Amino acid sequence: MNRGFLRTAASFTSDLTLVVEIGMGLALTAGMVLAQRGYYRAHAWCQSAVVLMNLVAIVLTMAPSFRRSFTPPIPTGLLNSYYVLAAVHAGLGTIAELLGLYIFVVAGTNILPKRLRFTRYKPWMRTALALWWLVLLLGVATYLRWYVTPLL
């Protein structure tokens with residue numbers, strides 16, 4: 001078995017993904033502080049980089065891991081925290097990433113027609129950040145359930 005560096009049952013890739021995702025959560029929070037202090041260009045670069053890096057992490061590590069590990073026995077699997085945490089994390093994570101990409105496209109490009117754009121950025125960005133942190137916490141819970149306490 002390929003052990004990771006966090007000394008759990010997780011692989012190196014799972015450990016690295018967890019650490020990188022926590023770092024991205026901290027970077028998003030730092031980006032929020034940049035906006036509050038009026039450094040909007042730095043804020044835009046920071047948030048955009050995280051959203052795009054997260055997309056790469058989803059495609060390269062999280063989606064393949066989910067496909068390999070998530071096959072719940074119906075209907076009993078739906079009562080097992082192993083499957084429930086992963087499903088909620090994946091569902092809300094998909095929404096959070098799509099919301100982040102939507103904000104990225106609206107704030108950073110002119111691709112979308114006016115009727116699909118918003119002008120009040122704060123509510124959208126605050127919602128995305130709150131959702132992102134919820135998904136991050138669910139990701140940590142999923143990691144703990146899958147690799148630290150797999151017998152519960």
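Helices (H or I, at least four residues) and strands (E, at least two) are DSSP runs, numbered from the N terminus. The model is predicted, so local features need pLDDT of at least 70 and side-chain atom pairs count only at pLDDT 80 or more, whereas totals for chains, interfaces and linings use all residues. Residues are numbered from 1 along each chain as its sequence is written, and side-chain values use heavy atoms, with hydrogens and water left out.

**Exercise 1.** Locate Arg 7 and state whether Arg 7 is buried or exposed.

*Solution.* Begin with the position: Arg 7 belongs to the segment before α1 (12–36). Next, take the backbone, where Arg 7 has a positive phi of about 60° although it is not a glycine; most residues other than glycine have a negative phi. Finally, Arg 7 counts as exposed because its relative accessibility is 81%, the classes being buried under 20% relative accessible area, exposed over 50% and partly exposed in between (1.4 Å probe, protein chains only).

**Exercise 2.** Describe how α2 and α4 pass each other, and which residues make the contact.

*Solution.* The axes of α2 (residues 40–69) and α4 (residues 121–148), which are lines fitted to C-alpha atoms over the stretch in contact, come within 13 Å and cross at roughly 35°, on a scale from 0 to 180 degrees between N-to-C directions. Contact, meaning heavy atoms within 4.5 Å, is made by His 43, Val 50, Asn 54, Ser 65 and Ser 69 of α2 with Met 125, Trp 132, Trp 146 and Tyr 147 of α4.

**Exercise 3.** Name what covers the buried residues of α3.

*Solution.* Among the buried residues of α3 are Tyr 83, His 89 and Glu 97, and the cover over the buried residues of this helix includes α2 and α4.
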